Amino acid sequence: MNRIFLFIVILVIIVGGALVGFWAVTLPGSVVINDSRGELVSLHSGVAAIALIVFGGLVAAAWWVISGLFVLPGKIGRSRQSNRARKANMALAEGLLAAEAGDSTHALRLARKAVKHAEDERLKLLLEARAAEANDDWAGAERAWGQLARLPGGHLAGLRGSAMAAAERGDHATAEARALEALGLKSNADWPFNSLFDLRVARGEWDKALETLAIGEKRGLISGDSLRRRRAVLLTARAVGLPEDRKQEAQKALAEAIRAAPGLPPAAWHGARQLMIDDKAKAAQGVLELAWKARPHPALAQLSRRLVPQDSRENIAARLRGLVAVLPNHRESRILAGELAMDEGDWVGAVKTLALLVEENPTARLCLLMERALKGYGDTDEAQRWGRMAASASREADWSDIDPKGNAFDFAQRDWSRLVYAFGDVSDLVHPRYESYGRELEAGRVLAIAGPDDEDKVAPPKAPTGRLTPPLDYVSDDD
């Protein structure tokens, strides 16, 4: 393409020169010039025109050469600068790629090379910080990020890198200070909010975490269900940790948590328990029913049984039926219906209800309930078989939230911290007792009502002889 263009240019020059020559030859008259000796010299007009054109070309060429000599040093300087910039950019690009790839040695070598060529101090510091991070040199990385934060345009990036490096080396106070400084800047970046919130949640600083959450909400960095659920967990964790002399403050926080997320069982359980302690059983039952409608949990039913000490069986049954009526087809409601049948001595109804449930998923909890129901029915051999099955059956995570004494959601600080994200972001619960294989309330044991020895005093329907084969035959003896 370039050759064609050059050929066309040369062709145009030749044709143009020929036309100019033809035009000069056809010019009429002559030009008289007085030379240095005083003699007159006569030239044809065409020859004079050509001479004038040639002279003009020579002057232009001379001017181009002279001006080129003047600007040549600048061009050489710019060429060197461009070459340095190209080498610096190449070293920076390759160094950043090496740092991201984890090749710390190569990244450091390229960082030193970039320092020699790069003119933008920010780029040099960026590569130096990344290379230090790749080498797990968090102190060096924090130093480079700190220098970058003092340069124009690098403030926010430097604060972020410095906060991350400080957190990696365990200096959470410095990390928090950097995040706070960044949060005070006018920026749409969400990392200052997330970093500050994460640090405060990790340390169990619930009040400060709630303040940070409010800032994130005001700036539009968090909203919707995630905002409400995170706030509910933080309020619950804060309330649980308050001393007895701040009980009213705890109750207020729990009420706010329940309003924010009715489907958070720990908030409902602790809130209802506070009302139970104040002899407000009716209000506590209302909280439990609201929570049951949002998310049934066995701990809520266990607490409902114990709302009134030494209460009658009729009142206990009425409260439990109130829970069942809220979501009658839910698995927990069906299990609760089976337990109610056992409380009333309806062993046949209990076995039928539980048999349908164990067909879906024969957990250890259901196996123990089946054992209790069959004992009440009078089929001891079959009851023992279900008891043996319970030893190897799978556990239920939600049931593990209840300890052997009937207390629920007795979380450590780190567990509440996990729950902030597990429930706050994806509406999941954490189950520390399940994960650590901790002891839990025995499923066949009922708190605050008559024990197994007292059940004989309640005259159950007379059990027929023989096995209850229809609902149980799907399970083989080999299981």
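Predicted model: local features only at pLDDT ≥ 70, side-chain atom pairs only at ≥ 80, totals over all residues.
A salt bridge is a side-chain nitrogen of Lys or Arg within 4 Å of a carboxyl oxygen of Asp or Glu. Residues are numbered from 1 along each chain as its sequence is written, and side-chain values use heavy atoms, with hydrogens and water left out.

**View 1. The whole protein chain.** Helices (H or I, at least four residues) and strands (E, at least two) are DSSP runs, numbered from the N terminus. Of its 479 residues, 41% count as buried; buried means under 20% relative accessible area, exposed over 50%, and partly exposed in between (1.4 Å probe, protein chains only). Contact means heavy atoms within 4.5 Å. Among contacts between residues at least 6 apart in sequence, 58% join residues at least 24 apart.

**View 2. Helix H6 and its neighbours.** Helix H6 covers residues 155–168, 14 residues in total. From first C-alpha to last, H6 reaches 20 Å, close to the 20 Å expected at 1.5 Å a residue; the expected span is 1.5 Å times one less than the number of residues. Which residues of H6 are buried? They are Gly158, Leu159, Gly161, Ser162, Ala163, Ala165 and Ala166. Their cover includes helix H5 (138–149), helix H7 (172–183) and helix H8 (191–202).

**View 3. Just after H6.** Here Gly170 takes a positive phi of about 90°. Look also for Arg169 and Asp171, whose side chains meet in a salt bridge (3.2 Å, N to O). Arg169 is partly exposed, with a relative accessible area of 41%, and Asp171 is partly exposed too, at 22%.

**View 4. A salt bridge between two helices.** The side chains of Arg231 and Glu217 meet in a salt bridge, at 2.9 Å from N to O. This pair links distant parts of the chain: Arg231 belongs to helix H10 (residues 224–240) and Glu217 to helix H9 (residues 206–218), 14 residues apart. Glu217 is partly exposed, with a relative accessible area of 39%.

View 5. Arg418 forms a salt bridge with Asp415, and their closest N and O atoms are 3.7 Å apart. Both residues lie in helix H20 (residues 413–426), 3 residues apart, which is about one turn of the helix. Is Asp415 buried or exposed? Asp415 is buried, with a relative accessible area of 9%, whereas Arg418 is partly exposed, at 35%.

**View 6. A salt-bridge network.** In this view, Glu176, Arg200, Arg203 and Glu205 are linked in a network of salt bridges.

**View 7. Aromatic rings together.** Rings of Phe, Tyr and Trp (its six-membered ring) pair if their centres lie within 6.5 Å; planes under 30 degrees apart count as stacked, over 60 as edge-to-face and the rest as tilted. By this rule the count comes to 5 aromatic pairs. The rings of Phe409 and Phe411 have centres 6.0 Å apart and planes at 85°, so this pair is edge-to-face. Phe409 is buried, with a relative accessible area of 2%, and Phe411 is buried at 12%. Trp269, Phe409, Phe411 and Trp416 form one aromatic cluster.
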